[in-house]
Amino acid sequence: MRFRTRPAPSRLAAALLAAVCGAPLGGCAYFTPTPTLMPERAEAQVNADLPVPQGFELARDRTWRHERSAYRRLKLTYARQDYLSKDRVVEFIRTTYPRQGWEVKFVYGLEEPRIIMHKGIEECRVTVIEQGGTAPYTEFVLEVEPRQTPDGALVAGEQKQATTTIPAVPTRETNHAPNPFPPEPTEPGSSK
């Protein structure tokens, strides 16, 4: 008499699992790597040291610039009219901006990630916003200004020093304050 052996259930399950997992997964986004965001062309950027991810455009109605020889103050809003994960934008900023001399100091916020970076005497703050649904969009706001100490004074540095001084304007208090020292009498013929 011959005994037939049946394949063990574990071998059968392993063979079935290998056949299912080995089949191509046809376009499932969760299993394909997401491409790294590349910087936009130089013409689309306001400043060379503030790169913009590809596909973002400057929202001119929510943007302003004030640049002088000694400092700059910027609020640049960039928008993309489709959904892009805020994590990808944060990753772009954290990897690209240090190549331009910015040092990442803080990254905080869950719903709207915020990044604070320093470069010389300047501070750059970035806020990333995403919106899904029927009208998806992604935007980020860059704010650049001189750094300030905790007591409100500007951080001094060797970069971008002012070339001219601004004269002091007398205030109301100095115009009307009495002089505690009366003028000295002068003798006729003296050179005082």
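**Close-up 1. Glu 103 and its partner Lys 105 in the predicted model.** Glu 103 is partly exposed, at 46% relative accessibility. Its side chain meets that of Lys 105 in a salt bridge, 3.2 Å from N to O. Lys 105 also counts as partly exposed, at 38%. Elsewhere, salt bridges that share partners join Arg 73, Glu 123, Arg 125, Glu 143 and Glu 145 into one network. The whole structure holds 13 salt bridges.

**Close-up 2. The salt bridge between Arg 62 and Glu 139.** The closest N and O atoms of this pair are 2.9 Å apart. Arg 62 sits in the loop between β1 (57–58) and β2 (64–67), while Glu 139 belongs to strand β7, so the pair ties together parts 77 residues apart in sequence. Arg 62 is partly exposed, with a relative accessible area of 38%. Glu 139 is buried, at 10%.

**Close-up 3. The buried face of helix α2.** Helix α2 spans residues 86–96. Its buried residues are Lys 86, Val 89, Val 90, Phe 92, Ile 93 and Thr 96.

**Close-up 4. The largest nonpolar core.** This core has 22 residues. Leu 50, Ile 93, Val 126, Phe 140 and Leu 142 have the most contacts inside it. β3 (72–80), α2, β5, β6 and β7 each give two or more residues. Helix α2 gives the most, with 4.

**Close-up 5. Contacts of Val 126.** Beyond its neighbours within four places in sequence, Val 126 touches residues including Ile 93, Pro 113, Met 117 and Phe 140.

Notes: Residues are numbered from 1 along each chain as its sequence is written. This is a predicted model: local features need pLDDT of at least 70, side-chain atom pairs count only at pLDDT 80 or more; totals for chains, interfaces and linings use all residues. Side-chain values use heavy atoms; hydrogens and water are left out. Buried means under 20% relative accessible area, exposed over 50%, partly exposed in between (1.4 Å probe, protein chains only). The arc is that of the directions from the helix axis to the C-beta atoms. A nonpolar core is a set of buried Ala, Val, Leu, Ile, Met, Phe, Trp, Tyr and Cys residues joined through side-chain atoms within 4.5 Å. Contact means heavy atoms within 4.5 Å. A salt bridge is a side-chain nitrogen of Lys or Arg within 4 Å of a carboxyl oxygen of Asp or Glu.
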